[in-house]
Amino acid sequence: MQFHHHGYVSHDPRVLPAAGIGLDRPEDLPDEMDVLVVGTGPAGMLLAAQMSMYPDVHTRIIERRGDRLEIGHADGIQARSIETFQAFGFAERLLAEAYRITEMQFWRPDPADRGRIHRADKSIDSAALDDSTLSEFPHVVCNQARVQDYFAEFAAFSPSRLKPDYGWELVSLEVEEGAERPVKAVVRRTVGDEQGAERTVRAKYAVGCDGARSQVRKSIGGRLHGDSRNHAWGVMDVLVDTDFPDIRTKCAIQSGSGGNILLIPREGNALCRLYVDLGDIDPEDAGTVRETPFERILEIAQGIFQPYRLEVRHVAWWSVYEVGQRVTDTFDDVKPEERGEKKPHVFIAGDACHTHSAKAGQGMNVSMQDTFNLGWKLGSVLTGRSPESLLDTYSVERQVVAQKLIDFDLEWSTLMGAKVLDPEHTELGGVDPAEVTAHYVKSEIRASGFGTHYEPSTVTAEGGFQHLATGYPIGERFWSAPVVRVCDAVPMELGHHMRADGRWRLYAFADAPAPTEGGEIHRWAEWLHDSPDSPYVSTHRGGEDAGSVFDVKVIWQQDHDSIEPRDVPAVFRPRFGPFQVIDDELVYAADPANDIFERRGIDRGGCVVVVRPDMFVATVLPLDQPELLAEFFEPVLLPA
């Protein structure tokens with residue numbers, strides 16, 4: 001964390017100096033704004049946090065509830081989400097209160113007595129093995145409400161001083177093409193003395209993060225397509241008294257009676273979540289299964305747990321839901337045939353555009369990645385950094401991800417709800433228990449959030465130079481690795497210095513063994529710093545820090561003791577802040593014990609890895625052709 005560059009700071013350094021709208025932010029919801037976000041779920045709060053880093057953009061987020069969420073229904077947090085939290089500065093604090101998943105136990109019918117369950121198999125969570133498997137971060141469980149609290153704190157401490165406008169619901173929304181603020185929204189007060197009062201607000205853009213029954217989606221004519229599986233589950237967060245030995249371990253329990261349970265221990269060392277299989281339902285059920293009483297769900301759970309005792313001492317929350325997989329036909333207000341001709345002004349994210357079961361733990365995680373993809377694009381367009389065409393890439397990229405999520409969830413939820421095959425009565429059908437374990441292990445990359453691969457577009461290159469950095473696949477998330485910071489010899493993860501500030505990252509991997517030996521890295525650095533063709537130069541606005549658009553880092557191949565600051569090109573040691581102090585935290589060396597060049601397949605001849613503001617690799621380029629960097633950014637960034 002960098003501070004003191006604006007002068008001595010004695011308060012919490014996470015509270016950034018107010019700027020732009022944050023200097024005189026209207027306390028009450030105004031009539032006009034730049035971005036209107038509807039819904040304070042995980043997708044909405046991440047978007048608000050991201051937009052709060054653009055103080056020249058006036059963003060408001062409304063919520064029909066009168067205050068913050070207290071009990072969240074989502075709890076599983078994948079490693080990809082923790083990487084994202086690191087960019088927002090609260091990963092360590094959340095991990096301190098979360099429950100960490102290290103393995104999954106599979107319980108199945110006891111062959112000696114199929115009326116009883118026994119521990120049959122287990123799978124070690126990849127994040128519990130070592131960081132060469134998927135990520136240096138673990139897979140954890142934490143209340144959705146706490147995740148939203150952390151985003152709310154980030155936004156409140158940002159230069160924009162953004163806070164949710166509670167007690168407002170969206171009534172209707174329409175787009176008036178050609179207007180300065182084309183989004184016209186009617187909102188209604190839901191709390192206080194003015195409850196029921198309606199008013200109209202206008203915005204340049206609106207984002208619906210308002211759930212499966214999204215009013216924003218309905219307003220733009222979007223429809224969810226898909227089917228119900230006609231299968232129901234009961235879910236409960238409870239304190240239990242039990243002799244079940246794995247009550248504090250994630251478990252998939254398949255009973256001989258046909259019922260199944262997914263057991264998720266919760267944070268705090270006492271609470272647990274139980275997903276209880278209620279079985280198939282009649283297609284003509286018309287939702288009556290949702291009226292199943294808690295006592296019946298508990299009774300079914302107790303039957304599945306046999307021969308173990310299960311007594312519920314406290315119920316924090318419970319519900320019944322029907323399994324279904326649905327995805328909307330578009331993620332914005334532009335029809336496929338109009339793409340490129342019409343500009344999008346309304347977007348939807350999270351459950352507003354994809355709904356599925358809770359078994360794979362994807363809902364909150366994928367929803368947050370929706371808005372992490374969208375936020376920097378909105379910020380870049382609204383601040384004049386990028387053309388409006390950049391916004392077309394949101395729906396194109398995320399709809400593909402959503403469809404793959406639906407397909408994955410259908411496979412996993414089908415296996416979780418299937419009857420277990422009885423070896424002595426195979427004619428009755430059922431799923432081989434070993435198939436469930438095998439599918440869980442096989443699909444862990446996707447379940448952990450690392451299966452996303454963006455296809456070539458204006459912000460993701462084709463990949464002609466992928467061989468220069470095989471460990472950084474273009475279109476996939478940037479995978480951190482250990483390095484040593486030269487200025488203070490601190491070992492750290494290279495990706496952990498990345499921040500959710502809307503900037504592009506340029507990671508220059510040096511070809512020369514030492515800065516004093518010159519090499520292509522020096523010529524590349526000189527071009528980036530001085531050439532009028534360089535996007536680093538052409539996008540720079542007077543009065544801004546040199547790194548206002550690009551965060552440029554260098555990684556040398558040799559030990560940090562061999563590198564003297566005076567030998568490092570100036571672009572890697574820029575001046576910043578009102579006192580123009582030198583930023584010494586952009587120069588790194590390979591860790592001799594864990595060489596990033598070896599670990600991530602970096603060519604010893606050097607290269608540049610370009611990373612988008614949402615932490616996805618945009619392209620890999622050679623050092624000796626710097627003009628390719630200018631070609632890549634020409635359609636993405638506007639000159640200052």
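Predicted model: local features only at pLDDT ≥ 70, side-chain atom pairs only at ≥ 80, totals over all residues.
Reader: Thanks! How many salt bridges does a search of the whole structure find?

Author: The search finds 51 salt bridges. A salt bridge here is a side-chain nitrogen of Lys or Arg within 4 Å of a carboxyl oxygen of Asp or Glu.

Reader: Let's take Asp34. Which residue does Asp34 form a salt bridge with?

Author: Arg181, and the closest N and O atoms are 3.7 Å apart. Asp34 sits in strand β1 and Arg181 in the loop between β9 (168–175) and β10 (183–189), so this pair ties together parts that are 147 residues apart in sequence. Helices (H or I, at least four residues) and strands (E, at least two) are DSSP runs, numbered from the N terminus.

Reader: Are Asp34 and Arg181 buried or exposed?

Author: Both Asp34 and Arg181 are buried. Buried means under 20% relative accessible area, exposed over 50%, and partly exposed in between (1.4 Å probe, protein chains only).

Reader: Which residues are linked with Asp34 and Arg181 in a network of salt bridges?

Author: Glu32, Glu180 and Lys204 are linked with them in that network.

Reader: Switching to helix α2: where are Arg80 and Glu83 relative to one another?

Author: They are three residues apart in helix α2 (residues 79–87), which means they are separated by about one helical turn. Arg80 is buried at 2% relative accessible area, and Glu83 is buried at 5%.

Reader: And what about Glu388 and Lys343?

Author: Their side chains also meet in a salt bridge, 3.0 Å from N to O. Glu388 lies in the loop between α7 (363–382) and α8, and Lys343 in the loop between β16 (310–328) and β17 (346–348), so the pair ties together parts that are 45 residues apart in sequence. Glu388 is partly exposed at 30% relative accessibility, and Lys343 is partly exposed at 46%.

Reader: Last one: which side chain does Asp392 join in a polar contact?

Author: That of Arg339, at 3.1 Å. A polar contact is a pair of N or O atoms within 3.5 Å; within protein, one must be able to donate a hydrogen and the other to accept it, and residues adjacent in sequence count only if both atoms are side-chain atoms. Asp392 lies in helix α8 (residues 392–416) and counts as buried at 14% relative accessibility.

Conventions. Residues numbered from 1 in each chain as written. Heavy atoms only, no water.
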